[in-house]
Every structure is written in C-alpha cells, then in structure tokens.
Amino acid sequence: MRQSQLFTKTLKEAPKDEKSINSQLLIRGGFIHKEMAGVYSYLPLGLKVLKNIGNIIREEMDNIGGQEIAMTVFQPKHLWEETGRWSKTVGEVMYKCREGNKEIGLGPTHEEMLTDIIRHHVKSYTELPLYIYQIQTKFRKEPRARSGLLRGREFLMKDLYSFHSSEKDFKRYYEIMKKAYSKIFERCGLSAIITEASGSGFTKEYTHEFQVLAPEGEDVIICCPKRDFAQNQEIANTKAGNRCPSCKNILNKARSIEVGNIFPLGVRYSKDMNAYFIDRDGKKKLIIMGSYGIGISRTMGAVVEVHHDEKGIIWPEEIAPFQVHFIQVENTGRVKKTSERLYENLWKGNCEVLYDDRANKTIGEKFADCDLIGIPMRIVVSERTLAKKSVEIKKRNEKKAKLVEIKQLSRFLK
RNA sequence: CGGGGCAUGGUGUAAUGGUAACAUACACGCUUCGGGAGCGUGUGAUUCUGGGUUCAAAUCCCAGUGCCCCGACCA
C-alpha cells in the first residue's frame, strides 16, 4: 500500500483523555478512532492487525478440530430465561432492546444460543465431541470501561464451545486447548502465563486464565518466575515471597492482562436447556461442555502495552499490519524511480509493504511515523544507498541498520 | 454505583469578568530533504449543553452531559 493513499494521519501528541499506552499509541498511529468510552472503530492499519490476530486464532482452532460458525448478535430472551441468566449474572451486563412487546438481547456471550443449536442437531454419542467457535463483536455494559482496548463495551472476541459425551473426553480436550492457546499467544508475540482462577460457581475445580504481565493490567497474579505455577490473587492459596510449589523458586506478585480463558462448564447449560445425547449404552445423558475465550481486541491492546518504546509501537511480525515499511528519502530523480520499481517488485512478490511515497514529507517525519506505526522491518532508499547499489534495512526492534545490495534484496527478505 | 479530576479549532495548550491567542496539523507558493526543516500567505472555534448573575461570561453560580483516574463490578 502507498502511504500517500492512506487516509489516516499520525498525531504528535495523544488526546489528553487517553491515559493508557495502548490507546495513546494506537490513536496517534491512526490504528483506531474513539467513538465513546470503551468503544473504538478500527481504521485500515488497526483492522489489519485485528484480522491477523483473528487468522492466527482460526488456524490454531481449525488445527484442533474447531468448526467456525457465525451466530447472531441479536439473542432471543426465551433462551436466556431457560438458564435464568436473562436478569441475573451476565444478563445484568447485557444490552437489551425492545421491538413491540418483544425483548432482544445483544450478545455478551453465546452459551445459550449454541447449546440451543447443538440440541437441535446432535442426538448421538457418535456425533460428539464437537468444537464450535466464532469470532464476533461482543457487547457488554461494563460498569467502567477503561484502558483503551483492554476493557471495552464493544469488543472482538473468539469464543469456542466444546461438547463432549464424557468428563474424560472433556479433560483431554481441555489440555489440547491449553497448548493451542499458548501457541496462539506466542505467535502474537505474547508470553502468556497459564494462571489458575476461580470457577465462579460453575466448577469446584480451577479454571485457567492466560495472563500477560503488564503494569496496565487490572488483574494481580501470584506467579513463579519460571512460569510453572501461577494463581490469580483472587483465589491464591499462597502469596508473594513463598516458594513455588512446583520448583521452589520465590513467588512474585505482578499485575497482568487476561487475554484468554478456558473454562469447564460441566452440565450447567445442558441441564437447564435439556441438551441430551443418547450414549452407547442407550441411555439419555447430558452433554458436557467447555468454553474457551480470547479477547482479540484486548490482545491487540496487550501487545502494544508489552511491545513499544518511547517512539512508538513495535509489532511482532505475525500480527504487524505490514511486514515492510519502505521509505524513499528523496522524492524525485533516480531515488524515486528506483523506489517505485522496488515497491512494485516487493508487492508482486507477496510482501506486505507500506510504501512511504509521500512527496511533501521530510525524512525526519517519515522516520518518526515509521517508528510510531511500528512495522517490523524498515527499508530505506536514498542517494546515499543507491551510490552503493544498495538499500538500508533496519528492524524496528534493533538499533543498527545495515546495507543490502538491491540484487540480494529478494533473497534477503526470505 | 461511590470518590476525585477534566471539558477552548483535527490535536496539544493560553487567556481569572471587557468579546478568543499560540503551537501543531491542513491548503497554496518559494527554499529545503538521513530523524517531526525554514519563510510567507491562507482555512479552520456558537469556548460541551441548558439556565442564572452582570452593562459585559471561556472566565462567576446552578443543573445536565461527556471523558479520564481510583474503588465496587468483571461469564
């Protein structure tokens, strides 16, 4: 993409109401636009990042048998009355609207809807297990939206629900999901700590949260530096300074961002909603369920909280809006001509490249924007580099630039 | 929902009772071009909304709204 065609503009200063690093940098870079507290529009650069994260999740969910669907945002009241949640628990944070006498909820989560779909389609143990997911905008009346993308009223989420014929099978999949989640966050450039957390009355056993250490986080966890043990402070039966039950290191207390969670649901929903299957022994049994969420927009915010410096964002490669930020120093003559040619080649070679072809910007401003936007690799073409038949390459997370001969460029990028 | 703070061009700020200023951004021209360049010209604000006090309100008073932070809450 040509930067001259990008309609968004960078800001030197962040709007004064934005206090969190993620919202400051994302707004300054033109990734997002604030509509109201906890509600942000995604602009071209921001949407690319969001889609990249979503696609990593799709790949990893599909790898472990996930089937993607798209449920509706509108949710019928009667389903929520079956589980008693229309007016209690999550129902309290549900946005509701009215059509005549009919009340409609805007989806804050989808256990009821999917359980309803599954009970219509699934009758036999031979059809289980099933792993169904969607990526969708969720709506929740948060009492206090805050911290940019970290806690919104409208946010993008992946939610997967698993359906099993036995507790044993559920546990097998739960462990598979744990590994898949770790891989997803690793690919997003995050080191997520698997943290034991409360079952919120759903289960006597622990659930697991995926926590990313960051000062802006609203959770507090007690964790081992080796990351083989972590508990949310809410339920911790140990404290900072004690020894890790697993490896005997001293435990720390730290703030963190919950980017995902996995949750045994047992028969909580299948029971209330009569979701049965006929087992091998001919008996009618309740379907055992699990739920697995990842806040995609929150993950994007968490990445910025973790990966930035005083100049701007430093995107991990797999989720960056582009792979290469290609900058021409001089906007005329042979620099311009060579840049155009190289850009076309990169682009046709399937390299995601943002080409700063803006003629009315000085090099200082181009570099500043480049650092702010945070694309992993910067390639610069100038009279100076052309004198050596080269381009200059610098990674966003490194200080030093190096010269690479133009002839070698395509090979270098692979 | 409790506590605190803030509200002035797109963005950041100034103006403490006398009719909105500066920087930046944007447009045009010239000069520039390896880290947010220089000069000139220009566009752009019912000072959040409503009411009150006053000859006169961005400024004082009342109410509302929005936003930020802390707490409560967070399948």
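A residue counts as near a strand if its C-beta atom, placed from the backbone, lies within 6 Å of it. This is a predicted model. In it, 45 residues lie around RNA strand B. Those that come nearest are Asp 17, Ala 37, Pro 143, Gly 364 and Ser 382.

Helix 9 (363–373) supplies at least two residues of this surface, as do strand 16 (288–295) and helix 10 (383–386). Helix 9 gives the most, with 8 residues. By type, the surface near RNA strand B divides into 16 nonpolar, 13 polar and 16 charged residues.

## Two domains

Chain A is divided into domain 1 (3–309) and domain 2 (322–413). Their centres, taken over C-alpha atoms, are separated by 38 Å. The two domains touch: 6 residues of domain 1 are in contact with 8 residues of domain 2. On the domain 1 side, the touching residues are 1 nonpolar, 4 polar and 1 charged.

## Backbone details in loops

Leu 128 and Pro 129 are joined by a cis peptide bond, with omega about 0 degrees. Pro 129 sits in the loop between helix 4 (111–121) and strand 7 (130–139).

Asn 274 is not a glycine, yet its phi is positive, near 55 degrees. It lies in the loop between helix 6 (268–272) and strand 14 (276–278). Asn 274 counts as exposed because it has 11 C-beta neighbours inside 10 Å. Lys 389 also has a positive phi, near 50 degrees. Its loop runs between helix 10 and strand 22 (390–395). Lys 389 has 12 C-beta neighbours inside 10 Å, so it counts as exposed; the cut-off for exposed is 12 or fewer.

Definitions and conventions:
Residues numbered from 1 in each chain as written. Chains lettered and ligands numbered in written order. Predicted model: local features only at pLDDT ≥ 70, side-chain atom pairs only at ≥ 80, totals over all residues. Helix = DSSP H or I, 4+ residues; strand = E, 2+ residues; numbered from the N terminus. Nonpolar A, V, L, I, M, F, W, Y, C, P; charged D, E, K, R; others polar. Domains from an automatic or database assignment. Contact = placed C-beta atoms within 7 Å. Buried ≥ 20, exposed ≤ 12 C-beta atoms within 10 Å, placed from the backbone.
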